[in-house]
Amino acid sequence: MAAMAATASSLAAVRLLRASSPSLSLAAPARFTHLNRFPRSSSLSFHLRSGLHHRIVASAAPSVAFTSVTPISVGDKLPDANLSFLDSADEVQTVTVSDLTKGKKVVLFAVPGAFTPTCSQKHLPGFVEKSGECRPGVDTIACVSVNDAFVMKAWKENLNVGDEVLLLSDGNGDFTRALGVELDLRDKPVGLGVRSRRYALLAEDGVVKVLNLEEGGAFTISSADDILRAL
């Protein structure tokens, strides 16, 4: 009798779930498997009034594909993309890479993330400090990061950066992806997702003349001093 009552309770629960959530794909009642015998992944657990735990099979979350592109190299033309920033009135402005570099000598350096330790303590401050030494031969110094423009503005204000370095948002990672320098940090617990490898490059009229590309987020060859030595 207890088994019959449990079965009836299970069927009632299934009918209730089907009525309240018609889009949820359920296995047939006869195929329900006890919790202790069912795989833990890709499933949803619920408690029936009979006191027995059963598992409803749900569709598995799709895996996210991640494809890499061959990184840019010296002699290549910089890919065009839209980068953004907030002006003094907090209005979002955009600039294309082609407009930023056309007919100019430009230093671009990228950081894995605004407000992260190495980027905030060494990389960006180094270029701010050395900007005066770079200026005679460089028209623009810009920092790029896969952060939104609001974060980049807050980071600029937090570090008291003036006009020495232009902070640009590659919020969707389009420029980073086109360069082939994505840094996949989705397995890290801090939630950085996909960012940019650290690098510093010198471009003349949009063509890469110097490229110091780090392994991941390392900081060994992409400092302001490294670029100064290459000028």
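Contact here means heavy atoms within 4.5 Å. By that rule, and leaving aside its neighbours within four places in sequence, Thr-70 is in contact with Leu-179 and Gly-180. This is a predicted model: local features need pLDDT of at least 70, side-chain atom pairs count only at pLDDT 80 or more, and totals for chains, interfaces and linings use all residues. Residues are numbered from 1 along each chain as its sequence is written, and side-chain values use heavy atoms, with hydrogens and water left out.

Stay with Thr-70 for a moment. Thr-70 sits in the loop between β2 (53-57) and β3 (82-86). Strands (E, at least two residues) and helices (H or I, at least four) are DSSP runs, numbered from the N terminus. Thr-70 counts as exposed because its relative accessibility is 67%. The cut-offs are these: buried is under 20% relative accessible area, exposed is over 50%, and partly exposed lies in between, with a 1.4 Å probe and protein chains only. Arg-177 is 107 residues away along the chain, yet its C-alpha atom is 9.9 Å from that of Thr-70.

Now move to strand β5 (residues 105-111). Six of the seven residues in β5 are buried. β5 has strand partners in β10 and β6. Two strands pair if DSSP finds at least two bridges between them. With β10 (residues 199-204), β5 pairs in the antiparallel sense over six bridges. There, Leu-108 stands opposite Leu-201. With β6 (residues 140-145), β5 runs parallel, again over six bridges. Ala-110 faces Val-144 in that pairing. Between β5 and β6 the chain passes through α3, and this β-α-β crossover is right-handed. Right-handed means that, with the strands pointing away from the viewer, the path from the first strand over the helix to the second runs clockwise.

β6 and β7 (residues 166-169) pair in the parallel sense over four bridges. Cys-143 has Leu-167 in β7 as its bridge partner. β6, α4 and β7 also make a right-handed β-α-β unit.

What does the structure's one aromatic pair link? It joins Phe-109 in β5 to Phe-127 in helix α3 (residues 117-134), 18 residues apart. The two rings are stacked, at 4.0 Å centre to centre and 10° between the planes. Rings of Phe, Tyr and Trp (its six-membered ring) pair if their centres lie within 6.5 Å; planes under 30 degrees apart are stacked, over 60 edge-to-face, and the rest tilted. Both Phe-109 and Phe-127 are buried. Among the contacts of Phe-127 beyond four places in sequence are Val-107, Ile-141, Ala-200 and Ile-227.

Finally, look at Cys-119 in helix α3. UniProt places the feature "active site" there, in an unreviewed entry. UniProt positions follow the numbering used here, feature names are shortened, and annotations may be inferred rather than shown by experiment. Cys-119 counts as buried because its relative accessible area is 0%. Its contacts beyond four places in sequence include Val-111, Pro-112, Trp-155 and Arg-198.
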